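Colleague: Could you walk me through the aromatic rings in this model?

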Amino acid sequence: QVQLAESGGGLVQAGDSLRLSCEASFPPYAMGWFRQAPGKERDFVATMDWIGRLNVSDSVKGRFTISRDNTKKKTVFLQMNSLKPDDTAVYYCAASARLSTLEHEYTSWGQGTQVTVSS
């Protein structure tokens, strides 16, 4: 099973940017990001497969960009711009054998990285 390690979370102010990274132990077909705010369910954020197809949640479209390293395909990035307090959550990286927005399609998960946006 692929191992995933996220990095890049932190405390920022509204309007700031952050870039999350997630490195896999070997390149899965699809790598995605989910987030879980306090007291809420985990929600889909974005995903990308290794041929470049992607899907981004409407809630972050236009502000967040997902990308993947073009060589080894082991790292996925989430560039988050114009951050809002509502973006505060634990962000999880996940791997799947298919391009999907559904949590249960992802079989490997990272430990999560906290993103806190102050107003």
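Predicted model: local features only at pLDDT ≥ 70, side-chain atom pairs only at ≥ 80, totals over all residues.

Colleague: How many aromatic pairs does a search of the whole structure find?
Modeller: Rings pair if their centres lie within 6.5 Å. With that cut-off, the search of the whole structure gives a count of six.

Colleague: Is the pair of Phe34 and Tyr106 stacked or edge-to-face?
Modeller: The ring centres of Phe34 and Tyr106 are 5.1 Å apart, and their planes make an angle of 75 degrees. Planes over 60 degrees apart count as edge-to-face, so this pair is edge-to-face.

Colleague: How many residues apart are Phe34 and Tyr106?
Modeller: Phe34 is in strand β4, residues 30–36. Tyr106 is in strand β10, residues 106–109. The pair links distant parts of the chain, and the separation is 72 residues.

Colleague: Is Phe34 buried or exposed?
Modeller: Buried means under 20% relative accessible area. Phe34 has 1%, so Phe34 is buried.

Colleague: What is the class of the pair of Phe34 and Trp109?
Modeller: Here the centres are 5.1 Å apart and the planes 55 degrees apart. Stacked needs under 30 degrees and edge-to-face needs over 60.

Colleague: Is Trp109 buried or partly exposed?
Modeller: The relative accessible area of Trp109 is 26%.

Colleague: Which residue has its charged end over the ring of Trp109?
Modeller: The charged end in question sits 3.8 Å from the ring centre of Trp109. It belongs to Arg42.

Technical notes. Residues numbered from 1 in each chain as written. Heavy atoms only, no water. Helix = DSSP H or I, 4+ residues; strand = E, 2+ residues; numbered from the N terminus. Buried < 20%, exposed > 50% of the residue type's maximum accessible area, 1.4 Å probe, protein only. Lys NZ or Arg CZ within 6 Å of the ring centre and 35° of its normal.
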